[in-house]
Amino acid sequence: MTTAHAPHPDHTHQHGAGCGHVAVPHGDHVDYAHDGHLHQIHEDHVDECDAHGHTPHSGHTHEHGDGCGHAAVPHRGHVDYVHDGHRHAEHEGHWDEH
């Protein structure tokens, strides 16, 4: 899984502890769910954080959905679920690391 460098222009909100957005651990950084996408603090600006590639989460038997107990993060037309320090996204009958 890799992420692209995609600056979010004119983003004035400061993400961090207590900022009001869901914090999502993602690899070596933390993303913040904001307005249907994920932001990553990068140097002196905020990037759109988007995973590339297909990484199935094998052996994942938990079914995510309303009331499953995990934070739901709307993201690019679908919903990711924060589970065990990463995001899961439904994909063709299985869950992907996202």
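**Close-up views of a predicted model**

**View 1. The cysteines form zero disulfides.** The count of disulfides comes to zero, where a disulfide is a pair of cysteine sulfur atoms within 2.5 Å. A disulfide is a covalent bond between the sulfur atoms of two cysteines. Cys19 is buried at 18% relative accessibility. Cys68 is buried too, with a relative accessible area of 19%. Buried means under 20% relative accessible area, exposed over 50%, and partly exposed in between, using a 1.4 Å probe and protein chains only.

This is a predicted model: local features need pLDDT of at least 70, side-chain atom pairs count only at pLDDT 80 or more, and totals for chains, interfaces and linings use all residues. Residues are numbered from 1 along each chain as its sequence is written, and side-chain values use heavy atoms, leaving out hydrogens and water.

**View 2. Four strands make an open antiparallel sheet.** Their order is E2-E3-E4-E5. Strands are DSSP runs (E, at least two residues), numbered from the N terminus. Two strands pair if DSSP finds at least two bridges between them. Strand E2 (23–26) and strand E5 (45–48) stand at the edges; each has a single partner strand, so one side of each lacks a neighbour in the sheet. The twist averages 40° from one strand to the next, with angles running from 0 to 180 degrees between N-to-C directions of axes fitted to C-alpha atoms.

**View 3. Strand E4 (residues 37–42) meets E5.** The two pair in the antiparallel sense over four bridges. Ile41 has Val46 in E5 as its bridge partner.

View 4. pLDDT is the predictor's confidence in each residue, from 0 to 100. The protein's mean is 74, and 81% of its residues reach 70 or more.
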